[in-house]
Amino acid sequence: MENETYKEDLPFLMKWAAKIDGTIIDLACGTGSVTIPLAKKGYKLVGVDIHKGMLAEARRKSANQHLPIKWIEQDCTNLHLNAKSRFIFTVGNSFQHFLMNKSQDGLLDSVNRHLELGGIFIFGTRFPSAEALLQPSTEEYWKTYVDNDTMNKVDVYTISKYDPLTQVQHYITIRRMINKAGEIIEEKKTNILLRYTYPREMERILSANGFEIVDLYQDWNETSITDDSTQMVYVCKKVK
C-alpha cells in the first residue's frame, strides 16, 4: 500500500500515549500502521475497523510480531466495545469518510461513550482550502511509488469534483503499473468520497457531542493553524 510509509502522526501520538495509563483505542485502524508501532512500545491497544480485509491483514502483521492487540470489527458510528479509555484516536484523515451529519455525530457519540471524563480524543482531517476544493475535474498527476510485490513503478493520477451543497469531494484515483520497459501493464480505478468540515462547524459539532478543543494544529508537528493550511489536527477533551 502506498500510504504504509506515512509515519508523521506517530511521534505526536507517542507523546500523548506516554501521558495516559490504560487501554488506547485506534478507530478506523486499517491494517494497523499506527496501532502496531504503539503496541511495540508496550502500550495496550484496541484496533477497530469496519473492513474485514484490513483487519485480517492487521491480525497477520501483529501475530507475526507476537503483539497482543485486540482487533475488533465494528462500525465506528455505533461502537459497543464494553470498555472505557482515556485516549482514543483516529488518523489517516478517516474523519472525512463520515459523510453525513448523522454519521459524524454517530462517530463522536461513540467516542464520547467510550472515553473516561477528561479523556483525550485526537484526529486529523484535511483543511477545506480553496486549493483542495477547487481542483480541476480533469485527470491530474499525483505521485509515483514502487509496488512492493512486483517492484514495478506505479503512477497515480486523480480526478476530483467538489459538491458544495453536501461538502463532499468525489475522487477517482487511477493507478497505472509500468514495467521495466516503460509500458503500462495494468490500470486500476478506485472511487472515494470525502467530506470537508469547516473549523467553525467543527467547533459546534465537537461541543454538541461533549468535547472541548484543547489544541488545533495544521500538522502533526504542532504548527499553529493558518488560513493557508492543508490539514487540521484536533486534540479534544471529553468534558461532559
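This is a predicted model: local features need pLDDT of at least 70, side-chain atom pairs count only at pLDDT 80 or more; totals for chains, interfaces and linings use all residues.
A residue is called buried here when its relative accessible area is under 20%. By that cut-off Cys236 is buried, because its relative accessibility is 0%.

A disulfide is a covalent bond between the sulfur atoms of two cysteines. Searching the whole structure turns up 0 disulfides. Cys76 takes part in none, and the cysteine sulfur nearest to its own, that of Cys29, lies 7.9 Å away. Cys76 is itself buried, at a relative accessible area of 6%. For Cys236, the closest cysteine sulfur belongs to Cys76 and is 16 Å away, which is too far for a bond.

Attention can now turn to the central architecture. An open sheet is built from 7 strands in the order β3-β2-β1-β4-β5-β11-β10, with mixed pairing. Its edges are formed by β3 (70-73) and β10 (211-217), each of which pairs on one side only. Ignoring direction, neighbouring strands of the sheet are turned against each other by 20 degrees on average.

Several of the pairings can be followed strand by strand. Strands β1 (residues 24-27) and β2 (residues 45-49) run parallel and share 4 bridges. Within this pairing, Ile25 has Val46 of β2 as its bridge partner. Helix α3 (residues 52-64) packs on the sheet, where it touches β2 and β3, and its direction makes about 170 degrees with that of β3. Strand β1 also pairs with β4 in the parallel sense, over 3 bridges, and here Ile25 stands opposite Ile88 in β4. Strand β4 in turn runs parallel to β5, the two being joined by 5 bridges; Phe87 has Ile120 of β5 as its bridge partner. Because 5 of the 6 residues of β4 are buried, this strand is largely enclosed by the rest of the structure.

Helix α1 (residues 10-17) is mostly covered too, with 6 of its 8 residues buried. The buried positions are Leu10, Phe12, Leu13, Met14, Trp16 and Ala17. These residues pack against β1, α2 (35-40), β4 (85-90), β5 (115-126), β10 and β11 (231-238). Trp16 also has a charged neighbour: Lys19 lies over the face of its ring, 3.9 Å from the ring centre.

A pair of aromatic rings is described by the distance of the centres and the angle of the planes. The structure contains 9 aromatic pairs. In one of them, Phe87 and Phe89 have ring centres 5.7 Å apart and planes at 45 degrees, so this pair is tilted. Both Phe87 and Phe89 are buried. Tyr141 belongs to strand β6 (residues 140-146) and Tyr157 to strand β7 (residues 153-163), so their pairing ties together parts that are 16 residues apart in sequence. Tyr141 counts as partly exposed, at 48% relative accessibility. Finally, Phe95, Phe121, Phe123, Phe211 and Tyr234 come together in one aromatic cluster.

How values were computed
Residues are numbered from 1 along each chain as its sequence is written. Side-chain values use heavy atoms; hydrogens and water are left out. A disulfide is a pair of cysteine sulfur atoms within 2.5 Å. Buried means under 20% relative accessible area, exposed over 50%, partly exposed in between (1.4 Å probe, protein chains only). Rings of Phe, Tyr and Trp (its six-membered ring) pair if their centres lie within 6.5 Å; planes under 30 degrees apart count as stacked, over 60 as edge-to-face and the rest as tilted. A charge sits over a ring if NZ of Lys or CZ of Arg is within 6 Å of the ring centre and within 35 degrees of the ring normal. Two strands pair if DSSP finds at least two bridges between them. Axes are lines fitted to C-alpha atoms, for helices over the stretch in contact, and angles run from 0 to 180 degrees between N-to-C directions. Contact means heavy atoms within 4.5 Å.
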